[in-house]
Amino acid sequence: MFKKLRNRLLILNMSIISVVMIGAFAVIYLTTYNNIQTENQNKLELLSSKPNAAYLNLPDDTKKEKIIIGIIPSESSLSFNMLVNSDCEILKVISHIDMPEETYFKAAELALSGKKNTIISLENKRWQYKISPMNGTLVTREHGKKLIINSNGENVQITFLDITDSHKTLMELFTTLFFVGIIMLFVIFAISLFFASRSIAPIAETWEKQKQFIADVSHELKTPLAIINANSDALLANEGETIKSQKKWLDYIKNQTDRMGKLVNDLLYLAKTVDTNIKMLDTPFDISEIVSDVLLSMEAVAFEKDITLLQEVESNIIIKSDCEKIKQVVTILMDNAIKYTEKKGRINITLKKTRHQLAFSIKNSGKGIPQKNLSKLFDRFYRVDPARTQENGGYGLGLPIAKAIIDRLGGKIYADSKENDGATFTFTLGL
């Protein structure tokens, strides 16, 4: 179940990030493409707008007709122009590029057979061309004679611009984005898998705790119910007996019923404490007085075990919180300390305040709590010594209730212990 949930989160995360990444790469590529296209188009427009001057006063050639005329290029990009008549015959070619004459004829053929303002491949290069009508008078020389060509749109000029480098730049950009995208997908997959697993971990942990909670509750209820059932059978087997003669069976039933009632009440109390919809009281009270009252009520129990109570309680500490909940926490910690303190042991109670918070701590003597168990102390139904806890009649709900209360009040509660040096429980609250 959790694996499927993790995979769904992973797919969702990958899909969202992939779409965003592809969108970003597409914007980069299209922006670069448009800029390069605009630049090439501007160059082509510029080249096609000034070839007429190149046809003026061309050098004489008395020996043979010269179709291709070389001139010094004025642009950094490779380019050439050609004049074509209405019969698709090349009249003149102006070029500074060393290419065979057949190549120019091929370029004209491809350009005239294609569409306007498009691209052709020639001599392992890519050329963008523009066909534009020639209007006005063109002056040139042919066989040493001055030739005047009047053109009213019958002749056309074809301007070619080398865009090989631009195309190469776009292909390199596309390749780079493609491979970066592939690498990023693997990286994103690893990161998404990590965070999806981390996101699922608390849910899985909560689920396991819930399962363990149900199992623990079932276990705790199973024993009292078994005892009640057995004693009920004993009563039914002796129907002729008087109630007085059956008192011990009734006492067993009453005892286990009380235990079950206490368990249910603790569970309900814990549920109410954890429920964030239930508001906690927030009134000023003297916490020093609360601690003193709890210690006074516990003195008789401590006296029975010959436990020495040492207290260092600072007086007149006023806080604004839930008085009854704080009293419940102090009672739980005090009761827990007495239960786990050996006879003739000692318990140290401290209540102090600093500038921003107060701290209550209670330390009992004894063998202490193993370090590996400290993190589990506030789990429901957890017992460091199950046998002893059963003897004391506890269910392992006291500390979870205390932690739930302190968490709701915005404080912190924790435990510390050293081997053979007892355990210390501390909670802090803001003033």
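**Reading the chain**

Analyst: The secondary structure of the chain comprises 10 helices and 13 strands; helices (H or I, at least four residues) and strands (E, at least two) are DSSP runs, numbered from the N terminus. This is a predicted model, in which local features need pLDDT of at least 70 and side-chain atom pairs count only at pLDDT 80 or more, while totals for chains, interfaces and linings use all residues. Residues are numbered from 1 along each chain as its sequence is written, and side-chain values use heavy atoms, with hydrogens and water left out.

User: What share of the residues of the chain count as buried?

Analyst: Buried means under 20% relative accessible area, exposed over 50%, and partly exposed in between (1.4 Å probe, protein chains only). Of the 431 residues, 35% count as buried.

User: What is a salt bridge, and how many does the count come to?

Analyst: Side chains of opposite charge can pair when their charged atoms come close. A salt bridge is a side-chain nitrogen of Lys or Arg within 4 Å of a carboxyl oxygen of Asp or Glu, and the count comes to 9 salt bridges. One of them joins lysine 125 and aspartate 162, whose closest N and O atoms are 3.7 Å apart. This pair links distant parts of the chain, with lysine 125 in strand β5 and aspartate 162 in strand β6, 37 residues apart. Lysine 125 is partly exposed at 30% relative accessibility, whereas aspartate 162 is buried at 13%.

User: Which helix holds both aspartate 251 and lysine 247?

Analyst: Both residues lie in helix α5 (residues 247–274), 4 residues apart, about one turn of the helix. Aspartate 251 forms a salt bridge with lysine 247, the closest N and O atoms being 2.9 Å apart. Aspartate 251 is partly exposed, at 38% relative accessibility, and lysine 247 is partly exposed, at 47%.
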